[in-house]
Amino acid sequence: MVKTILTRRALLKSGVITAGTLAMPSIVRAQSVTEMTMLAWYGQAEPDAVAQFEELHNVKITPKYYVGGEQMLALLAQSPPGTYDLIHADAEYVQQLVRANFVEKLDPEDYHFDDFYPEFHKFPGHWHNDELYAVISRFGFLGISHNLDAVSVKEASSYDMLWDGKHKDKVGHFDWHLPNLGVLSLRDGNSDPYDIGGDAWSKLQDTTLSLKPQVRGFYDYGGVLSSLKSGEVTVMPGIGEWITGVLRRDGANVTTTIPEQGGIQFTESFSIGRGSRKADLARKFIQHTSSPDGQFTLANLNVFPAIIPSKVGWERMISERPDDARHLGIFKGDGNSIDLIRKGRIHIRQLPVQQDLADWNDFWSAYKSA
Amino acid sequence: MTTLISIRRLSRLAYGGLWSLPLPLWLAGFFLGPMILLIWLSFWDVRNFLLTPDFQIENWQKMLSADYFWAAYLRTTLIALSAAALASLIALPCALAISFFLGLKARMVVLGLFVVPFFTSYLVRIYSWQIYLTENGIIMKTLAAIGIDSGSLLNTPFALMIGLVTLTLPLVIVIQSISMLSLDKTLIDAAYNLGCGPRRVLFATVLPAVRPGIVLGALFAFIFSFGDFVTATYLGGGKFTTLSILIADTVKSGQQWPRAAVVALVMIATLLISALGAISYAYRRA
Amino acid sequence: MNSLTDITAARTGAPNPGDKRMSHAHISLQNIHKSYGEALAVDRLDLDIEEGKFIAIMGPSGCGKSTMLRMLAGLEDVTSGDIMREGQRINDLAIWERDMPMVWQSLALFPFLTVRENVEFGLRMKGVGGAERRSRALEWLGKLGLEGYANRGIDQLSGGQRQRVALARCLVTEPSVLLLDEPLSALDAHLSVQMQGELKRLQRELGITFVYVTHSHSEAFSMADTVVIMNQGRIEQAGSPEDIYLRPATPFVARFLGGSSIFDCKTRRRKNGELTLESTDGSFSYTGPELVEQDEGDEVSLIVRADQISIAPGAGWAENEVSARVVGEEFVGALVNLRLETAAGTPITVQLQQRDMQALDIEVGASVTASWHPEDGHIIKT
Amino acid sequence: MRVSPLTRRLTVIFLGLALTFLYAPILTNFVFSLNSDRFPTIPLGDFTLEWYRLILADALVIDAFANTVKIALIVAPIATAMGFAAAYADYRFNFFGKKLVLVFALMPPLIPLVVIGLAMLAYLSRIGLSGTLPAIVVSHIVLTSPFAMAIIRLRFSQIDGDLEFAAQNLGASNWRAFREVIIPSTKTSVLAAFLLCMAVSFDEYAVTWFVGGLEETSSVRILSFLQSAVSPRINAIGSITFITSITLILGAQVLVLRRLTRA
């Protein structure tokens with residue numbers, strides 16, 4: 001069985017080579033520029049993100065953008081190893097990538113971990129059996145995103161405001177159970193929002209269901225942006241600066257507040273795809289993303305801004321982009337992003353610990369049509 | 001003598017085979033495989049978020065016993081039926097106008113105009129509808145200008161119908177028109193000569209004669225609406241969980257492709273039965 | 001009934017291999033068998049069609065008449081048997097090699113072509129040049145009274161005009177055989193009668209063979225030289241219209257043609273050579289032409305045409321008498337068809353003049369006596 | 001049809017309304033592709049060609065667009081030809097298992113695309129065809145040919161079944177009768193089927209995303225913009241597709257019309 005697969009792979013490879021030889025223009029290109037492939041969320045391989053690296057290493061990065069970790073995993077499972085050199089994923093999915101053997105081991109020495117805040121030296125989701133599989137690129141917080149014309153920062157300092165009668169039919173949801181149930185779990189007072197027992201789980205379900213009369217709709221990325229912008233909804237739990245930062249660039253009067261009860265953290269990272277034939281180049285790319293230059297670029301991506309783990313990167317943000325830095329919580333002193341993490345207000349988004357993921361999902365489906 | 005027979009039979013077989021075989025062969029090569037995989041997939045297991053080939057009926061039990069599944073099933077059927085009926089009703093006068101009231105040139109141009117929207121990405125068109133329907137959108141502002149206070153129309157059944165009719169109307173009109181244009185005009189003249197009024201002619205002569213076109217148009221509208229994901233997401237605001245949305249949601253619960261496959265297979269069965277029913281009705285001798 | 005003198009009897013029965021070669025038959029169907037799986041459409045059929053004759057094939061629907069025509073045209077394969085044309089076996093010729101144009105029941109005119117282009121079609125397939133095609137097509141359109149319609153579309157023509165275009169389309173190729181599959185069934189009665197005359201005239205003038213399938217008695221009997229009556233895939237009778245009318249070969253034919261009364265009888269020969277027929281309705285004497293052919297004790301059907309029967313209010317008028325009840329009447333112009341029923345349930349049809357009917361003064365339900373002369377009637381062995 | 005002028009006028013007005021309805025989103029799409037605001041809200045921002053500049057400078061968008069056209073131009077003729085063959089076979093011949101084959105041939109459009117995408121990928125990668133343009137072409141033909149078959153079969157159901165035999169009866173061979181009768185009778189529906197196949201191929205994104213690997217079509221591009229980078233670039237791509245297609249289709253019609261009027 002193994003043998004036949006190997007033969008087929010060999011065949012595939014030779015097929016690829018033949019195809020390459022036949023297509024003359026690509027040879028010409030191949031002589032001058034190396035191509036590297038990246039499986040990523042949208043925006044990670046746009047010119048603003050990779051142009052600098054491409055020029056430096058005479059490489060062209062060809063992206064395959066996905067719109068959900070499940071699609072990404074399914075695609076990888078059905079593609080020959082080596083199809084994707086770089087894989088960009090959220091922390092929850094890195095564990096699944098590792099378990100499915102889709103990514104290569106990394107050497108921590110290769111990357112600029114010294115520049116990072118200590119919290120990110122050994123970020124839990126990226127290590128497995130004490131081996132490194134992914135390097136954090138950037139992260140963000142999820143709390144309450146709100147239109148400042150309708151909801152003040154002070155008002156948004158507690159999740160309880162979501163139930164306020166004056167916001168009836170003005171509350172929107174990003175259509176994914178993990179962040180939404182995470183923040184509502186914090187509102188219920190669970191210290192670890194994703195590690196909750198049976199009682200807390202059923203209480204969380206009641207809490208969530210009681211919010212339904214306030215809810216206008218469930219939106220995907222695009223829908224979240226346009227509904228907040230148009231005023232269709234004025235407040236959304238479980239999203240963050242990754243949305244409001246984009247809208248503010250377009251002149252919308254919106255922001256994200258992390259309420260007293262706490263917020264959720266999402267994390268993006270890069271890994272090297274199993275069987276990559278350009279692993280060296282991929283390693284160089286990840287090195288670049290962890291460097292001060294790369295970190296500064298990542299904080300300001302067109303697709304959406306995010307917090308970076310690099311102290312050196314912070315310095316540059318504060319001096320060069322003070323306004324954007326401020327909104328991201330990148331500033332010196334009390335209440336900055338790292339401070340929030342250290343105070344224990346921020347909890348990493350993860351899969352439910354005591355319940356089956358399917359249970360959370362089923363409940364979310366039921367909630368949507370309730 | 002016998003060789004002559006066989007040569008003639010052979011050449012006839014070859015002629016028939018040349019027409020009968022390509023599509024079935026192509027589908028056998030590239031569609032049967034995926035279908036079998038899909039059916040097999042519905043019996044797989046998901047362990048540690050990894051799809052594992054297996055043969056267990058738990059996925060079927062789980063989905064078919066879930067209330068939310070049947071609620072979504074009913075909702076999807078209702079939405080698709082309404083959309084098909086609505087699109088057919090709107091298409092009918094249009095197809096009549098195209099086929100009987102327009103000159104040759106105008107007819108070609110108008111049919112062309114109905115075909116063009118197909119080519120402008122459906123995703124883009126639905127995205128564009130949002131600006132009409134949303135809070136402070138074009139419709140709301142227009143209505144406000146004449147003193148009517150309407151809320152946002154987004155995430156309402158109305159918005160769903162707008163989206164689905166956008167998707168299906170051109171196809172239904174084109175199918176109905178093809179059917180009407182190939183109608184024998186003497187049939188209509190004969191009806192008039194028998195003293196039928198325009199209404200009788202329409203209901204007793206034209207409509208029965210173009211029944212295959214009407215039924216087929218409605219069937220396509222139903223199929224498209226039943227499987228639609230885009231309108232339900234962008235204009236329904238995720239509040240109307242259709243089966244397609246349920247599939248997407250199911251996949252989100254940690255690689256539950258097998259359960260999604262169950263939903264998909266139920267959808268396929270439903271559509272297949274509707275299609276066979278509609279087609280046999282369409283071509284039944286009146 | 002008709003004035004045709006040119007009567008040609010077609011052969012029936014199994015062909016004799018010896019005289020097959022001698023036959024002057026233009027087209028000859030020999031022991032033709034056609035089945036669709038289990039269903040038998042044509043059963044051991046033999047038929048010779050002579051050149052230049054108008055032959056009409058009729059029978060109830062499903063009798064195999066259309067199948068036979070389609071086999072001639074090559075639209076259906078024969079399961080077994082031979083189709084011969086001028087001595088050549090043509091079973092294996094493709095449709096387009098048979099050169100037997102057909103006028104279709106649906107007419108099958110090409111809607112995307114003009115009238116002239118329709119007529120030119122066959123010539124074009126034969127490779128006839130443009131100018132000649134055009135003049136021949138126009139000539140035929142002229143012959144059929146369609147001058148001036150050459151550039152019209154098919155859907156701008158009336159039913160009768162379409163009929164003529166369909167004819168012109170076939171005849172323009174100057175075939176020696178023309179197949180016609182119920183071509184007049186879509187026309188109204190008046191037009192149909194007019195076309196019948198025209199078809200017969202055309203066939204006479206051109207001298208080509210017409211094979212005409214129809215379910216209409218009037219069409220068959222008014223035009224054909226030979227009428228073939230089929231039932232359940234077999235030929236019941238083939239002969240001149242007069243022959244068939246006067247001497248139906250089987251009770252089926254008599255019943256199919258209608259207008260006759262049929263009595264099932266057993267023969268008994270008297271000393272004087274006269275024949276007595278015993279039936280459930282009584283005994284009848286017979287002195288007609290088939291007298292000599294009958295033996296004692298045969299099972300036969302006695303067929304008496306409606307115009308040979310007279311009725312009276314009481315008995316005692318003639319030798320062959322049956323009492324019956326009037327069950328229905330139908331007026332056809334100056335004639336009346338009376339339907340009677342005997343005590344044994346045998347239906348009897350009587351044809352009377354309108355004024356005789358008035359003189360008799362009978363109504364439905366009345367008891368009457370039907371009678372006929374011993375020399376009338378026709379006996380068929382069953 | 002003979003109806004009162006009023007009915008006629010009302011029906012034509014209704015037709016106009018239906019067209020307006022279908023073109024309303026296309027119109028706003030145009031407007032917002034020229035609007036400086038990133039999110040489509042009224043009142044409008046300033047006039048700008050920035051979004052067009054952006055996508056025309058975006059190699060990925062250009063590649064995706066080229067792929068889309070390439071794929072549609074290969075898919076549409078093949079799918080139409082196969083759909084036609086199947087429709088003609090159904091109309092003309094009877095063979096064992098015909099119904100079964102037809103049911104099978106009708107199935108692809110019934111499949112929810114979200115899931116068949118994965119199944120297609122799983123299958124195509126097993127036969128060594130995943131992640132390539134041919135993979136997209138192969139699956140698009142599967143998805144579109146049933147539409148072609150249905151539309152052309154609809155036309156066949158209205159053609160007198162004797163026509164082709166009438167031509168043969170007048171001396172046309174199988175192929176000649178096909179050319180003389182079947183082609184003229186079905187050409188409009190074949191054109192419609194061809195356009196529909198192209199359109200479906202243009203619009204398809206779910207299966208394409210899965211089986212295409214690194215190869216993208218413009219609808220896959222639009223989907224990724226829509227789901228993670230909402231911007232008027234979506235409108236700009238939509239407008240360019242619209243202008244291209246309306247030019248092609250109306251252009252083709254002008255050609256056809258000119259030939260008709262000359263004939």
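Two strands are taken to pair where DSSP finds at least two bridges between them. Helices (H or I, at least four residues) and strands (E, at least two) are DSSP runs, and their numbers count from the N terminus. The structure is a predicted model, in which local features need pLDDT of at least 70 and side-chain atom pairs count only at pLDDT 80 or more, while totals for chains, interfaces and linings use all residues. Residues are numbered from 1 along each chain as its sequence is written, and chains are lettered from A and ligands numbered from 1 in the order in which they are written.

**View 1. An open antiparallel sheet of chain C contains strands E13 and E20.**
The five strands of this sheet follow the order E13-E12-E11-E14-E20, with antiparallel pairing. Strand E13 (282-286) and strand E20 (378-381) of chain C are the edge strands, each pairing on one side only. Direction ignored, neighbouring strands are turned against each other by 40° on average; axes are lines fitted to C-alpha atoms, for helices over the stretch in contact, and angles run from 0 to 180 degrees between N-to-C directions. Strand E14 (residues 299-305) of chain C runs antiparallel to E20(C), and four bridges join them. Within E20(C), C:Ile380 is the residue that stands opposite C:Ser301.

**View 2. A further open sheet of chain C takes the order E15-E19-E16-E17-E18.**
Its five strands pair in the antiparallel sense. Strand E15 (310-312) and strand E18 (347-353) of chain C each have a single partner strand, so one side of each is left without a neighbour in the sheet. Neighbouring strands here are turned by 45° against each other on average, direction ignored. Eight bridges link strand E16 (residues 320-332) and strand E17 (residues 335-342) of chain C, an antiparallel pair. C:Phe331 has C:Val336 in E17(C) as its bridge partner. Strands of a sheet pair through backbone hydrogen bonds, either parallel or antiparallel.

The C-alpha trace of chain C spans about 75 × 50 × 40 Å along its principal axes. Of its 382 residues, 39% count as buried; a residue is buried if 20 or more other C-beta atoms lie within 10 Å of its own, exposed if 12 or fewer, and partly exposed in between, with C-beta atoms placed from the backbone. Among contacts in chain C with a separation of 6 or more, 67% involve residues 24 or more positions apart. Two residues are in contact if their C-beta atoms, placed from the backbone, lie within 7 Å.

**View 3. Chain D has 11 helices and zero strands.**
Read along the sequence, its pattern is α-α-α-α-α-α-α-α-α-α-α. The C-alpha trace of chain D extends over about 70 × 60 × 30 Å along its principal axes. Chain D has 263 residues, and 57% of them are buried. Of the contacts in chain D between residues at least 6 apart in sequence, 76% join residues at least 24 apart.

**View 4. Chains B and D share the most contacts of the five pairs of chains in contact.**
Chain B contributes 80 residues to this contact and chain D contributes 85 residues. The side of chain B that touches chain D comprises 63 nonpolar, 14 polar and three charged residues. In these classes, Ala, Val, Leu, Ile, Met, Phe, Trp, Tyr, Cys and Pro count as nonpolar, Asp, Glu, Lys and Arg as charged, and the others, Gly among them, as polar. Chain A and chain C, by comparison, do not touch, and their nearest C-alpha atoms lie 47 Å apart.

**View 5. Helix H6 of chain B packs with helix H8 of chain D.**
B:Val115, B:Phe118 and B:Phe119 in H6(B) meet D:Leu195, D:Leu196, D:Ala199 and D:Phe202 in H8(D). The residues of this helix contact are seven nonpolar, no polar and no charged.

**View 6. Chain A is divided into domain 1 and domain 2.**
Domain 1 covers 2-14 + 30-137 + 267-312, and domain 2 covers 140-265 + 344-368; the bounds come from an automatic or database domain assignment. The centres of the two domains, taken over C-alpha atoms, are separated by 29 Å. Their contact takes seven residues from domain 1 and 10 residues from domain 2.
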